[in-house]
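Subject: A structure for you to explore

Hello,

Here is the structure I promised to pass on to you. Please open it beside this email and follow along as you read.

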Amino acid sequence: MSDQEATDWEFETVFADALETVPDDQFDRERFVPGVGPLSADVMLVGEAPGGQEVAQGEPFVGQAGKQLDRALESIGHGRRDLYITNLVKVRPPENRDPYVAEIDAWWPVLEAELERVDPSVLVPMGSFAAAELLDADETITDLHGQRFEREGRTVVPAFHPAAALYDRSKVEAIESDLATALELA
């Protein structure tokens with residue numbers, strides 16, 4: 001497949017084999033939100049799971065946290081169009097609760113397929129859940145954010161989840177700094 005823009009491909013076609021591994025009880029198409037962005041992106045952002053706005057619009061990080069992400073990217077001179085954006089779990093958990101281990105495990109092969117296909121040089125787990133899973137770490141995002149780690153040939157730079165800035169405005173600068181660090185390394 002050639003270098004393609006974000007809109008020139010279908011998630012369910014490109015990642016069909018990986019999607020087949022997701023158990024039926026974990027794949028609710030009405031709450032499914034695929035990853036988006038160029039398949040040649042140098043940077044991949046990974047959240048935990050979609051929320052209500054993401055389900056409604058069919059794209060990750062488009063609700064209030066997504067607007068905060070867009071503001072952070074804009075403030076450091078970037079936009080989302082050059083990034084691949086996805087979640088650990090592609091189906092919104094009921095009542096927007098945190099994903100269960102079984103849900104993360106069920107969707108892990110899809111994330112692995114995204115990592116293999118996109119092959120980003122920098123991976124940015126957004127928030128505690130994504131950072132803990134991608135780094136196999138027990139530390140909190142407060143301890144990990146903005147640091148540089150190497151995992152399986154990739155640079156990993158954890159960042160606060162953009163939603164953190166909605167509740168604590170002091171996180172705005174940290175999110176911008178974390179994203180700037182990641183994007184400078186790409």
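Let me start with a question: is asparagine 96 buried, partly exposed or exposed? Asparagine 96 is partly exposed, with a relative accessible area of 45%. Here, buried means under 20% relative accessible area, exposed means over 50%, and partly exposed is in between (1.4 Å probe, protein chains only).

Before we go on, please keep in mind that this is a predicted model, in which local features need pLDDT of at least 70 and side-chain atom pairs count only at pLDDT 80 or more, while totals for chains, interfaces and linings use all residues. Residues are numbered from 1 along each chain as its sequence is written, and side-chain values use heavy atoms, with hydrogens and water left out.

Most residues other than glycine have a negative phi. Asparagine 96 has a positive phi of about 55° although it is not a glycine, and its place is the loop between E2 and H5. (Helices are DSSP runs of H or I with at least four residues, strands are runs of E with at least two, and both are numbered from the N terminus.) Glutamate 152 also is not a glycine and has a positive phi, near 50°. You will find glutamate 152 in the loop between strand E4 (149-151) and strand E5 (154-156). Glutamate 152 is exposed, at 80% relative accessible area.

**Salt bridges**

How many salt bridges does the structure hold? There are 10, where a salt bridge is a side-chain nitrogen of Lys or Arg within 4 Å of a carboxyl oxygen of Asp or Glu.

One of them joins lysine 90 and glutamate 114, with 2.8 Å from N to O. This pair links distant parts of the chain, 24 residues apart: lysine 90 is in the loop between strand E2 (84-87) and helix H5 (101-118), and glutamate 114 is in helix H5. Lysine 90 is buried, with a relative accessible area of 0%, and glutamate 114 is buried at 0% as well. Salt bridges that share partners also join Glu59, Asp70 and Arg80 into one network.

Arginine 31 pairs with aspartate 28, and their closest N and O atoms are 2.8 Å apart. Arginine 31 counts as partly exposed because its relative accessible area is 27%, and aspartate 28 is partly exposed at 27% too. Another salt bridge runs from arginine 81 to aspartate 82, at 3.1 Å between the closest N and O atoms. Arginine 81 is exposed at 65%, whereas aspartate 82 is partly exposed at 44%.

**Aromatic rings**

The whole structure contains 8 aromatic pairs. Rings of Phe, Tyr and Trp (its six-membered ring) pair if their centres lie within 6.5 Å; planes under 30 degrees apart count as stacked, over 60 as edge-to-face and the rest as tilted. Tryptophan 9 and phenylalanine 15 form an edge-to-face pair, 6.1 Å centre to centre with 80° between the planes. Tryptophan 9 is buried at 9%, and phenylalanine 15 is buried at 2%.

Which residues form the aromatic cluster? They are Trp9, Phe11, Phe15, Phe27, Phe32, Tyr84 and Trp107.

Enjoy looking around, and write back with any questions!

Best wishes
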